[in-house]
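Please look over the sequence and the 3D structure shown here before reading the notes. They are written for someone meeting a protein model for the first time.

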Amino acid sequence: MNIAARAETEGMFRWPDEGLARVPFRVYNDPEIAAAEERLLFQGETWNLVGLDVEIPQPGDYRTSAIGGTPVIMVRDQSGEIRVHVNRCAHRGSTLCLARAGKAENFTCIYHNWVYGLDGKLQSIAFKRGVRGQGGMPADFDMAQHGLRELRVERICNLVFATFSQTLPPVRDWFGPRMVWSLERFFHKPIRLIGGYTQVLPNNWKLYAENVRDSYHASLLHTFFATFGLNRLSMDGAVEVSERGGSHLSWAKMATDDAAGTDYATGGLRSMRDLAIEDRRILKVWPEFEDGITHMIQTLFPTVFLQQIQNTLAVRLIVPRGTDRCDLHWWVFGYEDDTPEQMRMRLMQSNLVGPAGLVSLEDGFIGNAVQRATRGEQGHGAVVEMGGHGVERDRQSRVSEAGVRGFWLQWRSLMGL
Ligand code: FES
Ligand SMILES: [Fe+2]
């Protein structure tokens, strides 16, 4: 456990004796914990997604986002290098770049017109020498000391990551070979962005982080998955947890489904009753990968998610906004060599995901169902025992909450709790 972090969070609260099999409800509600997360996770030892490189192909192209509570700008500079700056003017702290994305030759703060280059260096200050010899900046003011704060940046596949840490291992080593294997599978050829959107979730960011790592809920909460056989726990599949615990893979092969003799066949599940679909085009799919995997969900600690649900491919990022709200950003993609027919099928299948998606809409709701039932709770916690008590890393059944326990293992280690 991180000793420095422990000193910082000492006395905050005590984790239950049951260890990873319990999660105290107050972690979703306590502002003190949220403040510690800012320092110890988001401004600490984590790699954070700030965008995709294909969003900024030319020098001057930029996109803004946030790492925890810190706004950032991802920009391609004149030399073609991708840089990430804190999106905050070095003068009095105004948000510098107000647009979500665009193209710029430099960044001018609207408050008092301090101007920064794409490299983050302060280039000019309005009225630096005052007016007619009066006012202005002191003669010893050193422009070189007042550039934008720049973060360390690394790219893996099409994903651009940044960190405040100078000591964190490189991104590939940090996530480990199995996670890298899956990223290289997702990005095995040039991608084409189809679209993106942002969804506001009325819950703490960690409830969504848990939800995506929880392969056990998918065919129970999401009636669509089970009813149409897109994803059932009776398929060949597995959960794999990363070395540090916080990242995971969950995959399944639809062709291997055998529901006979399981709870799906006996008719007791809510998700298996009374549902039909009129327009079956949404179920029209083709084998996306040769490995037979039709469903792959990957998480990268703390806030990144990748998805293959048949032919819908997406990257998602969660950005916390206080204790009981977060923004979920989506990038939906295909490949440059998609045929028009494949693109049509991807668009049709995209109705599964997003804020109103036939599958995803329940995930947009369920976090708030937990949030409002646990608000103010100081003593009790969640029971996380499906599939055991620990975080076995090897292939495990998907009837498991191992991915959720893994998340908390890494979170606790970084938080010293
Ligand atoms: S706050 Fe940006 S120029 Fe003053
Ligand atoms: Fe879900």
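The model is predicted. It contains 11 helices and 19 strands. The radius of gyration is 23 Å, close to the 22 Å that the globule rule gives for 417 residues, so the chain is as compact as a globular protein of that length.

**Whole chain**

- Among contacts with a separation of 6 or more, 66% are between residues 24 or more positions apart.

**Two domains**

- The chain is divided into domain 1, covering residues 48–155, and domain 2, covering residues 176–415.
- The centres of domain 1 and domain 2, taken over C-alpha atoms, are separated by 36 Å.
- Domain 1 puts 6 residues into the contact, and domain 2 puts in 9 residues.
- On the side of domain 1 that touches domain 2, strand β2 (residues 48–52) gives the most, with 3 residues.
- That side of domain 1 is made up of 4 nonpolar and 2 polar residues, with no charged ones.

**Strand β3 and its partners**

- Strand β3 (residues 61–67) is mostly covered, as 5 of its 7 residues are buried.
- Strand β4 (residues 70–76) pairs with β3 in the antiparallel sense over 6 bridges.
- Within this pairing, Ile67 has Thr70 in β4 as its bridge partner.
- The two strands β3 and β4 form a hairpin with 2 residues between them, and Gly68 in the turn has a positive phi of about 60°.
- β3 also pairs with strand β6 (residues 101–103), in the antiparallel sense and over 3 bridges.
- Here Asp61 has Lys103 in β6 as its bridge partner.
- As a general point, side chains in a regular strand alternate between the two faces of the sheet.

- Strand β8 (residues 114–117) pairs with β9 in the antiparallel sense over 3 bridges.
- Trp114 stands opposite Ile125, which is in β9.
- Between β8 and β9, which form a hairpin, there are 4 residues, and Gly120 in the turn has a positive phi of about 90°.
- Gly147 lies in the loop that runs between β9 (122–125) and β10 (152–156).
- Although 27 residues separate Gly147 and Gly120 in sequence, their C-alpha atoms are 5.6 Å apart in space.
- Beyond its neighbours within four places in sequence, Gly147 is in contact with several residues, including Ala90, Tyr116 and Leu122.
- Is Gly147 buried, exposed or partly exposed? Gly147 counts as partly exposed because it has 16 C-beta neighbours inside 10 Å, while a buried residue needs 20 or more.

**Helix α9**

- Helix α9 (residues 340–349) has Met345, Arg346 and Gln349 among its buried residues.
- These residues lie on the same side of α9, because they cover an arc of only 100° around the axis.
- In general, an α-helix has 3.6 residues a turn, so residues three or four places apart point the same way.
- What do the buried residues of α9 pack against? They pack against β12 (191–201), β17 (312–320) and β18 (326–335).

Note on methods
Residues are numbered from 1 along each chain as its sequence is written. Chains are lettered from A and ligands numbered from 1 in the order in which they are written. This is a predicted model: local features need pLDDT of at least 70, side-chain atom pairs count only at pLDDT 80 or more; totals for chains, interfaces and linings use all residues. The radius of gyration is taken over C-alpha atoms; the globule rule is 2.2 Å times the number of residues to the power 0.38. Two residues are in contact if their C-beta atoms, placed from the backbone, lie within 7 Å. A residue is buried if 20 or more other C-beta atoms lie within 10 Å of its own, exposed if 12 or fewer, and partly exposed in between; C-beta atoms are placed from the backbone. Two strands pair if DSSP finds at least two bridges between them. The arc is that of the directions from the helix axis to the C-beta atoms. Domain bounds come from an automatic or database domain assignment. Ala, Val, Leu, Ile, Met, Phe, Trp, Tyr, Cys and Pro count as nonpolar, Asp, Glu, Lys and Arg as charged, and the others, Gly among them, as polar.
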